Every structure is written in C-alpha cells, then in structure tokens.
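Dear colleague,

Please find below the structure that I am handing over to you, followed by a short account of what was found in it.

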Amino acid sequence: MTEQLSSAQERTDVRRVREAGRTTVLVIGGGINGISTFRELALQGVDVVLAERGDFASGASAASSHMVHGGIRYLENGEFRLVNESVHERNGLLKIAPHYVKPLQTTIPIYSTFSGILSAPLRFLTHKSGKPKERGAFLIKMGLMIYDTFSRDGGTVPRHRFHGRKKSLEALPMLDPKIKYTATYYDASMHDPERLALDVLQDGRAAHPGAVALNYVEAVGRDGDRILLRDLETGTEFGVAADVVVNTSGPWTDLTNEALGTQTRFMGGTKGSHIVLDHPELLAATGGREIFFEHSDGRIVLIYPLKGRVLVGTTDIDADPREIALCTEEEVDYFFELIHHVFPSISVDRGQIVYRFSGIRPLPRHEDTAPGFVSRDYRVEVDREGAVPLVSLVGGKWTTFRALGESLSDTVLGLIDRTRTVSTAGRAIGGGRDYPADDARDAWLARNLPGAGARAELLLARYGTRAAEVWEHIEQGPDTPLAGGAVSTRELEWMVENELVVRLADIVLRRTSLAFTGDVDEAVLEQLAAALAPLLGWDRARTDAEVDRTRALLNERHGLALPSPARG
C-alpha cells in the first residue's frame, strides 16, 4: 500500500532534507531501535535524518506482545548477558517511562513437579526443539531463583512466590483445577508501544535542530555516497549524502541492503501473532495478571488484560519478510486451544475477537536452530567497502531499545570521530518527566488539566505529563468530541501539528488505541477523516481514499469486517 494519493503536498521536513541534500548520519528504518538511535545521535548534537517507509513504529515494533520483560526463558538459551541487560532496562523503563510502562504481576500455572528435568539439559546444549516436554515446578523454581538474582533492582521488585493448588485457585478460581502449583513474579507491561516510540522520537527531534524524522519516505537506491529516497506521498525522489548510513529496518534489513546494492544474509525472522478479545469473563479470570505458561507444544504463550480487553499470544513461526504477516485462522484455533488449556470452563469464539495483529521478529538467520532458541540478542555489522560506511543492526527487542540505541550510536560516533557527551541512562522519556506518583495523581490533574473532567485521565494515559500542553491547546478554541469521546477535533489538530500525522491510519492505529480496543467502525473512520481533511489539506477524493485504504488495512491485516460505504 505505497501508492501515491491525490492532493498530497510536499511536507516541510521532506522539502528541508531534499533541499539540503546531505546530513551526517542517515538512519533507515523508524521502528523503536532506529528511533532510539536517532535520539541518541541527536542528543550528541549530530545532524541525523531518520527515514521510515511507513509510519513510525508501524512494522515489527507495532506487533509486540506489549511487554517489557527480562526474558526469563532466555536463561534456558544461556543468554545471561541479555537477561541481565533486559532486566536492568526493564527496571529503568519503569522509572523513566512510567506513563506507558507499568509493573505486571505474572503467574505461571504448573501441572507437574519434576517434568522436563531430563530433557532440559539436552535442549540447552543442542538448541533443538525435539519432543516438547512441559517444565515442572522444580525447573521453574530454579529458573525463577536465578531470575530473581538478575531482576530485583536492589529489592524494589518483589521475589517470586510459589503456591500450591488450593491457594492458587483461591486467587484465580477459573484456572484449570488440575494444576499442582502456580509461580508468580513481576515483569512489566507496555500499554502504548507506538506512543512510547513517538515520545522517544519527539525527544530526539527536540534535542537538536539538525535532527529530522521523515515518515512515508522509503530508501530505494544508492548512488555513490548518496542514498536515493522516495516520498511515498508525492512520488518525488531525491538523493541525500551522508557520512554514515545506518540500516535499522528490522526483519527487512537484508532487503534494504539489497536495495542499496549490498548483498547480506543477516536476518531470519519468525512470525508472531496475537488476538485481542472483548471478553469480560476472561478478563475477570486473569485477576489483573498476565498468565504466562508453556503450551503442550513447548511454545511460551501469554494471556493478559490490557485496556479493558484480553491480549492473547503468541506464535513463533519462520517467516519471509517479503510477505505480509497475517494472523491466520489456524493461529486463532491455536489461541483458543491454549485459553481452554488454562481456563477450561471459559468458552471463546471468533465473535469476541476485536483485533488481530501479526509481525516478524527481527531475529538473526538461524538455519536449523528451533525458532524458540534463536537468540533475541543484537549485534552490529559494519561494511566499510562502499563510498560510506553502512552499519546494519541485526536483532534487537523492545525491552532493550535504550541500551541498543546507545551501543549502536557509539559505533556510529566512532565512525565519524565524535564522542558521547550525553547519556540516556536514567533520562526521563517524554511524558514520563515529572510523572505524578499515585498519591499525587489527583492533585497533578487538578493543577495541570483544570476543567478536563473525565477526559483528564484519558489524556494523562495517552500523553503522560505532555497532557498539560495538549489540554492547553484544546482549551484555546471550540472543541467537538469524536469517536464517542475517545478523541476530539482540537486534539486531532494538536496531533497533526506536533506528531507528524500523515494518514488516517496513523490516528486509528498508533496515535490512539481505537483499533486495538475494537472501537472503530465505518462511521468513526468517516468522522475522523472529515475532521482531518482541513488540517491536512485533503480534498474530497483524498478523504475518501483515506477511509477506503484504512478500511482495507483493518479488514485485510487486522481481521475486521468493515463494509464499504455507498457513496453518491
């Protein structure tokens, strides 16, 4: 869906980059890791352009399990460095991004005491899947004891707890009564991944005037030290010279390098799918916890409450990045089976699914290694054979984006003979700055969002402490609620002026949670498009095209069934 749309005008930042024709560093790929690298370089005062062919955080970064976690299962892979870094970064994000990253109580249902003890060493040594064998209490207890040594952040994170059947069922009465134990520990949930990515991006843009971020701009070729970019809104192509080119395009890294004239075989991603259910009974059954467990096929899966819905995932299937990742009917059947495995008395059906999503993890090529054992760590590859160095990121995960961005940018700084002057360790992100503690929340809302009423909580959840400037803008003129009050005309205006909105899908899928929670229908699309039209200069044809392409996107990739309108 990269066709040029009618009435598109060249955007100011695109024109600025086109006319300048050069920057110090060009980052290709605006997922969370490219965005993190962009921010790191901007904070060092480096001129940097970020080019993303879609919207920011719309690819692999939009298809996560909404978790920030230390990776307890990585212990089985022997990835102790990654576990240590992951829990350190998780604990840090709870402090620097408290508006989006929240503590998550996690419970593992356990059906046996000693299962898996004999097969676990073999799996550890060979990294082959073999015949699945469910892990029993002994193995899980050992894993959680090790995890506690990495994870506890000086004692601020509670230790794990084990309970027998009776206590477990008292706490979670809808669990399968055949369980023998439960184990409970803490990780973190990420309520709005795309908005967290946007906050990181905005911090980078604000840090240095030479930092420019472009969405819907694709890297399509290379001519010496110039990378050819195409504005997908207007079809215009232009060249940008850079001292270093950084490829952070995730599972598409090899394809991007190919477009730039370099052949690589770095990537071997796997597909992960999820469904979102509007299911009050299942929501209540979780008790506000994530239920995290190993299914009978050896895959790690999860069920947890988010935004009044229940998120269920995930699969781990080898995937081709040239093909669009979709959540299939077979995967839905698999999810229903695993729900029944944990909550056998709760029935689910397809009518309760409000949203589906799927993406390809940016994993390294793994040949015959079982997908579950492929490293989730990252590495940086530097090719100095061209006119300018080409730096490729291989791997990476949401939890470690800050540390990864720091490491990758240090490599780039070395290539341009610059040194780091600013650290992002402990540096608050966007709306996480001065975020109020629970006991100060009401006072903060009364002071910073006076008169917002019921909208105050929604705005704080969406923007963190940036909500104060959003509310100040809203109050400056007439404001009309849209989408049942989930957003409003002046809030849309603020998004357009401040959040690089280009298309209707940017609002529905990433600037708000309307699609995720199942609150989008044809009327909402038409209403939002009509409100965006004067803000973005759309004519009638472009407005209709936005509704049509967003409907098609939701239907084809996210499992909705929105009808086409009858237009006169």
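Predicted model: local features only at pLDDT ≥ 70, side-chain atom pairs only at ≥ 80, totals over all residues.

Strand β4 (residues 101-110) runs antiparallel to β6, and ten bridges join them. Within β6, Thr-182 is the residue that stands opposite Pro-109. Strand β5 (residues 161-164) also pairs with β6 in the antiparallel sense, over four bridges. Here Tyr-181 of β6 has Gly-164 opposite. Finally, β3 (residues 67-68) forms an antiparallel pair with β6 over two bridges, and Met-67 has Ser-189 of β6 as its bridge partner.

As background, side chains in a regular strand alternate between the two faces of the sheet.

**Helices α3 and α11**

Helix α3 (residues 80-96) packs against helix α11 (residues 401-415) at an angle of about 110 degrees, and their axes are 8 Å apart. Because angles of 65 to 115 degrees count as roughly perpendicular, α3 is roughly perpendicular to α11. On the α3 side, the contact is made by Glu-85, Glu-89, Leu-93 and Ile-96; α11 contributes Phe-401, Arg-402 and Ala-403. Sorted by class, the residues in this contact of α3 with α11 are four nonpolar and three charged, with no polar residues.

Yours sincerely,
A colleague

Terms used:
Residues numbered from 1 in each chain as written. Heavy atoms only, no water. Axes fitted to C-alpha atoms, helices over the stretch in contact; angles between N-to-C directions. Parallel < 35°, antiparallel > 145°, perpendicular 65-115°, else oblique. Contact = heavy atoms within 4.5 Å. Nonpolar A, V, L, I, M, F, W, Y, C, P; charged D, E, K, R; others polar. Pairing = 2+ DSSP bridges.
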